[in-house]
Amino acid sequence: MAIYSNSRLELRHLLANLMHDHIVGVVASPASGTFVCATTHWDKPDDHFNDYLEVFDYSGTGIGTSGNPTNWVQSTHTLTFSPVATLTAGDLVEIHQRFTVEEYNNAINHAIDLVANEALLDRVNETITLVTGTYQYNIPTQFLYIDELRVSDDNGDFTQQAPLDNKTEWRPVKATQAVIEFIKGNYNPVTGRTLRITGSASPGRLETDAEECPIDPEYVIQSAKSFLHQSRIRGNTKDPEDHQGQMQLARVLAEARVSYMSANRTGVAIVEI
């Protein structure tokens with residue numbers, strides 16, 4: 001079990017809050033291209049949300065629906081957005097002025113990518129079933145190092161089986177698709193036996209809001225924050241919000257968290273690092 005398990009949604013909301021760009025609400029009285037939001041912090045003057053970049057439905061029947069706010073009426077707390085869609089009462093929405101949901105998600109994944117070889121995870125995989133006469137098997141995505149290979153017995157048990165020798169019985173073949181190759185004559189696969197791979201893997205990108213990230217959230221947020229500020233730098237004379245300074249500060253804070261990450265690189269390397 002990972003120490004950290006923040007979902008992409010949690011990370012995005014933490015990040016947006018740090019960027020002073022985090023307002024959420026509950027949908028009421030939805031209609032085509034409009035809805036009412038009576039949440040207290042939506043009590044803003046007419047047209048306040050008109051220049052916001054996006055309203056996004058993150059929970060409920062309309063999850064994933066996105067639109068550009070075009071009109072806000074304070075007296076009725078009604079938001080109009082385009083392209084038109086009809087949400088569902090009770091749906092949860094977030095509204096952003098500075099960055100879109102896609103920009104937040106991309107920044108989070110970029111932060112994860114940067115520590116692919118530092119924030120290694122212990123992993124065990126038993127998805128490969130051996131076939132007699134087949135000596136090469138694709139290594140599951142994300143594995144960077146393999147500590148041990150074991151093959152089950154006829155009963156599917158691994159406890160009585162010794163690890164295979166990585167010098168005489170198997171070797172990694174580093175290619176576009178890395179594979180485990182059994183050395184013919186020294187080890188011959190038997191149909192129906194299961195291969196257990198134990199090793200270290202890089203953290204995967206988050207493709208949905210429900211997926212969880214096993215990396216220190218303070219690193220992820222600060223690193224992602226630096227990318228967002230970097231994307232808005234337009235030169236020293238056109239940076240009234242000091243995006244360059246904020247980017248540099250966020251990077252220092254992110255790098256400080258990287259120093260606490262533990263990388264176990266004791267196994268057989270699967271890819272060139």
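User: How do you know that Phe81 counts as buried?

Analyst: Phe81 has a relative accessibility of 3%. Buried means under 20% relative accessible area, exposed means over 50%, and partly exposed lies in between, with a 1.4 Å probe and protein chains only. At 3%, Phe81 therefore counts as buried. Before we go on, a word on the source: this is a predicted model, where local features need pLDDT of at least 70 and side-chain atom pairs count only at pLDDT 80 or more, while totals for chains, interfaces and linings use all residues. Residues are numbered from 1 along each chain as its sequence is written, and side-chain values use heavy atoms, leaving out hydrogens and water.

User: What makes Phe35 and Phe81 an aromatic pair, and why is the pair called tilted?

Analyst: Their ring centres are 6.1 Å apart and their planes stand at 55 degrees. Rings of Phe, Tyr and Trp (its six-membered ring) pair if their centres lie within 6.5 Å; planes under 30 degrees apart count as stacked, over 60 as edge-to-face and the rest as tilted. So 6.1 Å makes Phe35 and Phe81 a pair, and 55 degrees makes the pair tilted. Phe35 is buried too, with a relative accessible area of 0%.

User: Where do Phe35 and Phe81 sit in the chain?

Analyst: Phe35 belongs to strand β4 (residues 34–36) and Phe81 to strand β7 (residues 78–82), and 46 residues separate them. Helices (H or I, at least four residues) and strands (E, at least two) are DSSP runs, numbered from the N terminus.

User: Why is the pair of Trp42 and Trp72 called tilted?

Analyst: The ring centres of Trp42 and Trp72 are 5.9 Å apart and their planes are at 55 degrees, so this pair is tilted. Trp42 lies in the loop between β4 and β5 (54–59) and Trp72 in strand β6 (residues 66–73), so the pair ties together parts that are 30 residues apart in sequence. Both Trp42 and Trp72 are buried.

User: How many aromatic pairs are there in the whole structure, and which residues do ring pairs link into a cluster?

Analyst: A search of the whole structure finds nine aromatic pairs. Ring pairs link Phe35, Trp42, Phe49, Tyr52, Trp72 and Phe81 into a cluster.

User: Which residues of α4 are buried, and what puts them on the same side?

Analyst: His243, Met247, Ala250 and Ala254 are buried in α4. They cover an arc of only 70 degrees around the axis, which puts them on the same side of α4; the arc is that of the directions from the helix axis to the C-beta atoms. On the other side of α4, Val252 and Glu255 are exposed. What covers the buried residues of α4 includes α3 (217–230).

User: What makes α3 mostly covered?

Analyst: Twelve of the 14 residues of α3 are buried, among them Pro217, Tyr219 and Phe227. The buried residues of α3 pack against β1 (6–7), α1, α2 (101–114), β15 (212–213) and α4, where contact means heavy atoms within 4.5 Å.

User: Why are β10 and β12 said to stand at the edges?

Analyst: Three strands form an open sheet in the order β10-β13-β12, with antiparallel pairing. β10 (136–138) and β12 (170–173) each have a single partner strand, so one side of each is left without a neighbour in the sheet.

User: How do you know that β10 and β13 pair?

Analyst: Two strands pair if DSSP finds at least two bridges between them. β10 and strand β13 (residues 179–182) have three bridges, in the antiparallel sense, so they count as paired. Tyr137 stands opposite Ile180 in β13.

User: Why is Arg196 called partly exposed?

Analyst: Arg196 has 25% relative accessibility, so Arg196 counts as partly exposed. This residue lies in strand β14. Arg196 and Leu149 are 47 residues apart in sequence and 5.7 Å apart in space, C-alpha to C-alpha.
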